[in-house]
Amino acid sequence: MTSQGLRASLEGIRAAKTALTDKTLSQHKLAIALGITRQPVSKFFAGEPVSRSCFVQICQHLGLSWQKIAELPEDITSDSIAQSNINKRDLNILVQEIRQKRQGKIQDQCCTVQMLDIAQAIPLVDIYTPVYVLEQITSQRWIEIGDLLKDFCFESGFNRVGQTQLHKKLPGLEAASLYSKLMVLGKPSAGKTTFLKYLALGCNQGEIKPNHVAIFISLKDFTEDFKDNSDFSLLEYISQEFLSCGIEAESTLSVLTEGQALILLDGLDEVQAEYVNQVNKEIRRFYQSYYKNQFVISCRIAAQKYKFSGFTEVEISDFDMQQAETFVKNWFVAVAHESKEDGDSIGNLFIHQLHLPENKQLRELAITPILLHFICLLFQAKSEFTFKPTKLYDEALNILLGRWDEVRGIERHSIDWHFSIASAKKLLAQIAAITFEQENYFFEQEQIQSLISQHLSKYNYYVYNDSILINQQMQDSERLLKILEVDYGLLVQRSHGIYSFSHLALQEYLTAKNIVINYQKESLNQLITHLPEKRWQNVFLLTVSMLNNAEEMLRVMKQKIDDLVANDQKIQDFLLWLYQKSNSVATQYQAGAIRAFYLVCVGRSLEVFLKGSNSPQHQVFANSSSYGLECAIIGNLAFNPELAIDEFLASTFACAGELEFACNYILNDAIVFDYAHALNIAFDKALNLVIESKFKQFLQNLKKQLPNAHNHPHKFRKWWIEHGKFWNEKFRELLIQYRNICHDWQFSQQQIEVIQQYYIANKLLINCLNIANNITPAIRQEIEETLLLAIAKVKN
């Protein structure tokens with residue numbers, strides 16, 4: 001009976017069916033819960049013989065005594081248990097012996113990883129960063145574009161898209177422990193192979209699945225070794241490998257039969273197209289025959305539609321910032337061969353610079369391990385991000401478009417006619433430009449296929465009047481979409497039938513590349529219409545840096561910027577004041593930089609009075625702790641007494657405005673006290689810089705009028721509500737009389753928004769000027785000298 005398995009009695013079948021109903025299970029669900037195929041479960045309920053281990057598993061899950069279900073005499077079961085314990089001890093000894101014999105093989109297969117543009121193999125344990133998986137596959141969700149947009153933020157790109165609809169991330173090792181049959185899906189270069197190799201090493205060292213034998217198989221190598229043989233046999237492949245390690249076929253079969261193997265099948269997407277069906281059939285046959293074992297298969301997401309019965313699918317999550325930081329610190333020790341102390345130090349410097357606002361695009365790329373590796377390579381040379389963004393993005397495209405596959409000798413699926421990497425870049429550039437122009441960060445499958453078809457027609461891949469070829473075009477657009485998604489990973493399915501680019505930074509770069517490819521007056525004029533829009537800033541910078549000569553573009557930008565405020569007389573009057581005030585300051589700096597300095601001063605004092613209107617623009621300049629525009633022109637301003645006095649006085653006036661807001665709109669007296677305290681500190685700093693005695697005396701007298709807020713904040717609030725407005729006006733009069741600053745321009749909210757756009761556009765213009773190629777000194781001088789000037793002065 002032991003050799004033939006166990007059979008449920010009629011009474012046992014009735015009891016099992018009752019238990020199945022009580023637990024609201026079906027036979028199919030029971031099989032999934034046990035991690036086995038439907039066949040043994042069906043045989044169990046049909047009263048047919050089932051293997052002892054499977055029989056016991058089914059009964060235990062249903063809460064039944066397997067001896068009673070099989071109606072076995074007590075003495076037989078006792079003898080069987082005793083014999084089973086003896087066999088178990090023998091099997092554990094066999095597992096340890098096999099692991100010892102295969103130690104060298106597993107080390108050779110899995111202990112190192114090859115990294116792009118690194119000559120030496122890198123120890124896996126030194127670079128490994130723990131992975132997390134999603135139990136819900138992103139491309140299988142049924143959510144709308146509107147839901148995805150809720151998580152989309154232009155500042156962080158696609159990094160958090162769909163997070164509110166996803167379940168909590170699960171550590172990869174926990175998933176491997178939970179599920180006996182696991183399909184690990186992931187985007188290109190997400191770390192699938194590294195994860196499986198880590199499982200193999202951990203198992204062989206007794207840290208993961210300590211009573212199992214690790215078997216790591218590259219499905220690409222398996223296919224190549226057997227493609228000349230019509231019989232794709234995993235059993236034969238494993239037996240031959242074990243035999244080469246001195247393990248007899250009988251021992252190999254014992255381990256597999258008793259379910260003591262952790263079988264890791266890596267890279268299902270790397271199998272050549274013509275062999276995929278055969279390999280799928282062999283995997284299915286093998287895991288059904290040796291179902292007791294633990295299986296983990298890795299594959300690129302969306303690479304194939306075939307589903308293996310009984311397998312749980314998980315998706316490797318993109319790196320979060322904590323994972324990226326771990327990877328970076330490991331990288332500078334393991335790859336750059338720094339000491340642990342120096343590696344941590346350089347890693348911390350990298351991480352600090354990565355989090356700077358200007359490196360937003362790099363942070364987005366850092367979620368992909370292979371791109372983060374490449375960024376580390378570039379950083380290593382000078383310990384700073386001094387490389388050109390266009391160089392980084394173009395190389396990132398090359399890596400994803402096949403360079404990494406070429407290094408590893410992997411051939412992916414292709415279409416019948418020639419479609420080179422250059423063609424792929426041109427197609428992606430057109431898709432990026434059209435979708436970015438329309439502000440579409442997510443797009444339906446039908447839309448993207450339509451754009452692909454338009455591109456194919458535009459470049460004469462087909463004859464329009466041939467209905468057969470038009471049908472072929474539709475088919476090829478679907479196949480090309482799949483290649484861009486699966487092979488290249490540049491388009492990602494964020495939900496069922498909804499796509500986006502893998503990284504917003506690459507969509508921006510490709511948009512700029514399309515402008516450069518099709519550069520002419522019409523396309524330039526179209527681009528310039530987006531000058532005031534913040535989301536287009538990076539596209540402008542990338543476009544300028546790729547043009548051989550950007551003088552025409554810079555001239556048009558300057559004209560557009562001047563036109564933004566040309567028809568508003570109040571803003572023109574303000575710019576005339578800006579010109580006059582700047583000219584009154586004795587300094588060695590360019591006039592444009594000084595005008596920028598005073599524009600920020602004015603902006604800070606203006607915006608605090610917009611708080612009460614709930615305007616989103618009330619922090620136009622407050623976040624510019626360093627004066628961005630003038631720094632872009634000449635670098636950091638050295639200390640200048642005249643500029644310092646005006647900066648501190650304008651800041652003090654802004655503090656008074658903050659206090660005005662707090663007293664009228666914030667009920668908490670403690671917070672009001674904080675604002676009052678801030679005003680006192682700012683006032684004292686400003687007084688220390690003022691030299692003119694009469695002006696200083698007036699300011700001191702004004703400060704004495706302020707009651708002590710420390711002991712009686714409530715009384716201070718009352719005083720300010722009654723007298724604060726008059727106090728502020730007196731302060732303003734003194735600033736205008738003695739320093740010609742803080743005028744009451746009475747700009748509307750709309751005008752302040754225009755001034756904000758004007759400032760940002762000018763800063764963008766200077767940044768473009770600083771990175772443009774082949775700019776003559778005359779053009780540079782013309783732009784810098786007319787920066788932030790009223791139209792009348794520009795014409796002069």
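Visitor: Before we start, what should I know about the numbering and the model?

Guide: Residues are numbered from 1 along each chain as its sequence is written, and side-chain values use heavy atoms, with hydrogens and water left out. As this is a predicted model, local features need pLDDT of at least 70 and side-chain atom pairs count only at pLDDT 80 or more, while totals for chains, interfaces and linings use all residues.

Visitor: Okay, the sheet: in what order do the strands run?

Guide: An open sheet is formed by 7 strands in the order 4-3-9-5-8-7-6, with mixed pairing. Strands (E, at least two residues) and helices (H or I, at least four) are DSSP runs numbered from the N terminus, and two strands pair if DSSP finds at least two bridges between them.

Visitor: Which strands stand at the edges?

Guide: Those are strand 4 (170-171) and strand 6 (213-218), and because each has a single partner strand, one side of each is left without a neighbour in the sheet. Strand 6 pairs with strand 7 (residues 261-266) in the parallel sense over 6 bridges, and Val-213 has Ala-261 in strand 7 as its bridge partner.

Visitor: And strand 9, how does it pair with strand 3 and with strand 5?

Guide: Strand 3 (residues 132-134) and strand 9 run antiparallel and are joined by 2 bridges, with Val-133 opposite Ile-316 of strand 9. Strand 5 (residues 181-186), by contrast, pairs with strand 9 in the parallel sense over 4 bridges, and there Val-184 has Val-314 as its bridge partner.

Visitor: How many residues of strand 9 are buried?

Guide: In strand 9 (residues 312-316), 4 of its 5 residues are buried, so the strand is mostly covered, where buried means under 20% relative accessible area, exposed means over 50%, and partly exposed is in between (1.4 Å probe, protein chains only).

Visitor: Switching topic: how many residues are in the largest nonpolar core?

Guide: The largest nonpolar core has 187 residues, and those with the most contacts inside it are Trp-331, Phe-350, Phe-540, Met-557 and Trp-727. The largest share of this core comes from helix 31, with 11 residues. A nonpolar core is a set of buried Ala, Val, Leu, Ile, Met, Phe, Trp, Tyr and Cys residues joined through side-chain atoms within 4.5 Å.

Visitor: What is Trp-727 in contact with?

Guide: Leaving aside neighbours within four places in sequence, Trp-727 is in contact (heavy atoms within 4.5 Å) with several residues, among them Ala-656, Leu-679, Phe-683, Trp-719 and Trp-720. There is also a second, separate core of 42 residues, which includes Val-95, Ile-238, Leu-265 and Phe-311.

Visitor: How many salt bridges does the structure hold?

Guide: The structure holds 23 salt bridges, each defined as a side-chain nitrogen of Lys or Arg within 4 Å of a carboxyl oxygen of Asp or Glu. One of them joins Glu-11 to Arg-14, with the closest N and O atoms 2.7 Å apart, and these two residues are about one helical turn apart because they are 3 residues apart in helix 1 (residues 10-22).

Visitor: Which parts does the pair Arg-739 and Glu-642 tie together?

Guide: The side chains of Arg-739 and Glu-642 meet in a salt bridge at 3.1 Å, N to O. Arg-739 lies in helix 34 (residues 713-739) and Glu-642 in helix 31 (residues 641-665), so the pair ties together parts that are 97 residues apart in sequence.

Visitor: Which residues lie nearest the centre of the largest cavity?

Guide: Of the 17 residues that line the largest cavity, Lys-187, Pro-188, Asp-318, Thr-368 and His-503 lie nearest its centre.

Visitor: Last one: where is Thr-24 found?

Guide: Thr-24 is in the loop between helix 1 and helix 2 (27-34), is exposed with a relative accessible area of 65%, and has a phi near 50°, a positive value in a residue other than glycine.

Notes:
On a 1 Å grid over the protein atoms alone, a cavity is a set of points where a 1.4 Å probe fits but cannot get out, and a pocket is an open set with protein on both sides within 12 Å along at least five of seven lines; lining residues have an atom within 4 Å of a point.
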